[in-house]
Amino acid sequence: MQIAVLTFDGFNELDSFVAAAILNRMRARGWAAHITCPTEEVTSLNGVTVRRQRPLSFAAEADAVIIGSGSKTREIAADADLLAQIRLDPARQLIGAQCSGTLLLARLGLIGTLPACTDLTTKPWVVEAGVEVLDAPFVAHGNVATAGGCLASQYLAAWMLARGGSLEAAREAIHYVAPVGEKEATVTRILGVIAPFLAGADSTASDRVDA
């Protein structure tokens with residue numbers, strides 16, 4: 001499973017790095033999450049500069065894609081040329097977005113009229129884009145999932161592990177990264193949040209999105 005973690009200038013480190021680190025717990029089984037950017041280097045909202053591992057075009061060939069958030073997401077959402085370079089296929093790929101990344105999913109036409117999750121700051125912009133925002137950390141419709149809040153990256157990663165691998169794979173990865181003394185409670189909580197969205201997940205999001 002090859003995963004593109006879309007990361008733009010002004011990115012939130014918690015979105016890109018936490019999700020990538022959890023997903024890469026499956027590296028021994030052939031999984032790899034790659035920081036994927038439109039430029040050779042991007043700088044986070046806190047001034048951390050990183051080099052990309054894959055170009056933006058990698059998103060089209062990846063098995064799964066996560067779109068993180070950042071301080072410049074509204075600019076990106078208004079950049080038609082940049083959005084045109086993001087080619088995603090919910091019939092074939094697992095697609096997740098976190099916080100303001102949900103706004104990009106909306107602009108790409110991958111949410112339609114389905115309810116979604118985002119952070120409190122981004123909520124007015126997502127609502128303005130015509131999307132109903134849930135007061136929840138995570139929701140999935142077929143192959144498309146959204147999460148709200150910086151630490152909601154754990155839900156996206158766990159959902160992707162469960163969908164692309166197995167519930168046991170998700171359990172193992174979350175158990176590893178969970179705080180000592182809280183491991184079982186953390187695993188139970190996270191799997192409890194994503195479990196309702198795993199049943200019947202073989203139906204694709206493209207069947208349910210009113211584009």
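Me: How much space lies in the largest cavity?
Reply: The model is a predicted one. The count comes to two cavities of 30 Å³ or more. For the largest cavity, the space is about 50 Å³.

Me: Which strand supplies the largest share of the lining of the largest cavity?
Reply: The lining is made up of Leu110, Ile111, Leu114, Pro115, Ala116, Val139, His141, Val144, Ala145 and Thr146. Two strands, β8 (138-141) and β9 (144-147), each supply at least two of the lining residues. The largest share is three residues, and they come from β9.

Me: Which residues line the second largest cavity, and how many of them are charged?
Reply: This cavity holds about 50 Å³ of space. Its lining consists of Leu6, Thr7, Phe8, Asp9, Gly10, Phe11, Gly68, Ser69, Gly70, Thr73 and Ile76. By class these divide into four nonpolar and six polar residues, with the charged ones numbering one.

Me: What is the volume of the largest pocket, and which helices each supply at least two residues of its lining?
Reply: The pocket is lined by 13 residues, and Val18, Gln154, Val177, Ala178 and Pro179 lie nearest its centre. By class the lining has nine nonpolar, two polar and two charged residues. The volume is about 260 Å³, and the helices are α1 (13-23), α8 (167-177) and α9.

Me: How are helix α7 and helix α9 oriented to each other?
Reply: Two packed helices are described by the angle between their axes and the distance between the axes. The axes of α7 (residues 153-164) and α9 (residues 183-194) come within 9 Å and cross at roughly 70°. Angles of 65 to 115 degrees count as roughly perpendicular, so α7 is to α9 roughly perpendicular.

Me: Which residues of α9 meet α7?
Reply: The residues of the contact divide into seven nonpolar, one polar and one charged. From α7 come Gln154, Tyr155, Ala158, Trp159 and Ala162, and from α9 come Arg189, Ile190, Val193 and Ile194.

Me: Are the ring planes of Phe138 and Trp159 stacked, edge-to-face or tilted, and which elements hold the two residues?
Reply: The count of aromatic pairs comes to three. In the pair of Phe138 and Trp159 the ring centres are 6.2 Å apart and the planes are at 55°, so the pair is tilted. The pair ties together parts that are 21 residues apart in sequence, because Phe138 lies in strand β8 and Trp159 in helix α7.

Note on methods. Residues numbered from 1 in each chain as written. Predicted model: local features only at pLDDT ≥ 70, side-chain atom pairs only at ≥ 80, totals over all residues. Heavy atoms only, no water. 1 Å grid on protein atoms, 1.4 Å probe; cavity = no way out; pocket = protein on both sides within 12 Å on 5 of 7 lines; lining within 4 Å. Points joined across faces, edges and corners; volume = space filled by probe spheres on them. Helix = DSSP H or I, 4+ residues; strand = E, 2+ residues; numbered from the N terminus. Nonpolar A, V, L, I, M, F, W, Y, C, P; charged D, E, K, R; others polar. Axes fitted to C-alpha atoms, helices over the stretch in contact; angles between N-to-C directions. Parallel < 35°, antiparallel > 145°, perpendicular 65-115°, else oblique. Contact = heavy atoms within 4.5 Å. Phe/Tyr/Trp six-rings, centres within 6.5 Å; stacked < 30°, edge-to-face > 60°.
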